[in-house]
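Trainee: Could you walk me through a few features of this model, with the general idea of each before the case at hand?
Mentor: Gladly; let us look at it together.

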Amino acid sequence: MLTSRQMTLKPLLDSKGGIHLTVYLVNRGNLIDIKSQIRMAMDDANEWLGAVMTPDERKKFLEPLDALLHDARIFKQMKGNIGLFKNETLFRVINIPVDIEKSCQVATSFHVKPLLRWLQGDQDFLFLGLEKEKAFLYFGNQNSIKLVDSILFPETFKSLDSMGDGQSLKFSRQKKVKQTQAFSWLNEWILDLTKNSTPQLFVAGDSSLVQLLNQSLTYKNTVKTSMAHSFTSQNIVDVCQNIRKILKSESNKSLEKALFEFKIAEEGHRAKKNIFQISRAVVQGKVRKLIVTDELNIFGKIDQKTGGLAIHPVDLDHEDDCILDDLAQMVLSQGGEVIIAKRNEIPKGRPILAILDEDTQFVEKSGELYEAMEERFG
């Protein structure tokens, strides 16, 4: 079965309680520079951890980072920036192919806004290429594409094809039956692979094959329109580039759509702009969608029972964290959605906006606005 990046990062997004160290490194392609950044991060971490750990405990906790100073070969494989995540039970080194700022934070959860921005702008996708005798399934994103598997269609495809244009109606029907059976099996194969992850599925190939496939596919996240009228291993790069452009455009629209939703919700008194009000609504489980900037950290603590905030001018201790980051994690854990934006993309440069759960009365009153949103964004 396929595992999405979101599933891979879920342990980091969900982790709470105890000491969490988050380090982001800027990868300029120089191992000496990366090691220097790790040393500075370890110095900062030692300072934060001094209040809660003995020297021996700090040494043990930071051992994985120290090991990277002695053997940094893993970074040679990484073209993007780097995230290091350490708590009492796990240590992860992750290649992050988006722009980040070098930072080191100790808190009671991981600092995840850069990861959320990565997930938002670099969606996974599936691509199914259909040839007359084979089907190829690929799994990709904005930075890579890999073949998951390929299957051969039944021999009857070829034998029935070889009969030429003069084949009888009987053989034509036999061919269609065999194709339908093969595509039904292909559908079951895709459904089994996507039990844990449901990325968009794009298709390319002969129009008759794509049409039959669409009749058999029950995978709900399928883009029915063919990406190309033929498929060979030679045009995979071009097709994937077109898929990436589509996904990039959809990602760019996500903020525009969220801001339009916020406008609708605000007219129905189902939106919040004040961080104190938003925090209380999040703790109460009332926030459906959060728009938050990743260009600002607001340090402090959240009362997990009331949602009350204690905001501090700087990161005071090992329990302080970015409140925006913590609120984003809480909304995600409740099944809500988080949109990461730059401050100049949010009205009046606010650091955070919230759309609350809807009620039936509000939805009825706002029917026309929702229709407008559907027409605009599809």
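Mentor: Let us begin with a salt bridge, meaning a side-chain nitrogen of Lys or Arg within 4 Å of a carboxyl oxygen of Asp or Glu. Here Asp320 forms one with Lys301, and the closest N and O atoms are 2.7 Å apart. This pair links distant parts of the chain, 19 residues apart: Asp320 is in the loop between β12 (309-311) and β13 (321-322), and Lys301 is in strand β11 (residues 299-302). Strands are DSSP runs of E with at least two residues, numbered from the N terminus.

Trainee: Before we go on, what should I know about the model itself?
Mentor: It is a predicted model, in which local features need pLDDT of at least 70 and side-chain atom pairs count only at pLDDT 80 or more, while totals for chains, interfaces and linings use all residues. Residues are numbered from 1 along each chain as its sequence is written, and side-chain values use heavy atoms, leaving out hydrogens and water.

Trainee: Is Asp320 buried or exposed?
Mentor: Buried means under 20% relative accessible area, exposed over 50%, and partly exposed in between, with a 1.4 Å probe and protein chains only. Asp320 is buried because its relative accessible area is 0%, whereas Lys301, at 26%, counts as partly exposed.

Trainee: Which residues does Ala354 touch?
Mentor: Contact means heavy atoms within 4.5 Å. Leaving out residues up to four places away in sequence, the contacts of Ala354 include Lys289, Phe262 and Arg270. Ala354 lies in strand β15 (residues 352-356) and is buried, at 0% relative accessible area.

Trainee: How do I read a sheet?
Mentor: Strands of a sheet pair through backbone hydrogen bonds, either parallel or antiparallel. Two strands count as paired if DSSP finds at least two bridges between them. In this model, an open sheet of four strands runs in the order β3-β2-β1-β4, with antiparallel pairing. β3 (91-96) and β4 (103-109) stand at the edges with a single partner strand each, so one side of each has no neighbour in the sheet. Strand β2 (residues 81-86) pairs with β3 over six bridges, and Asn81 stands opposite Ile96 in β3.
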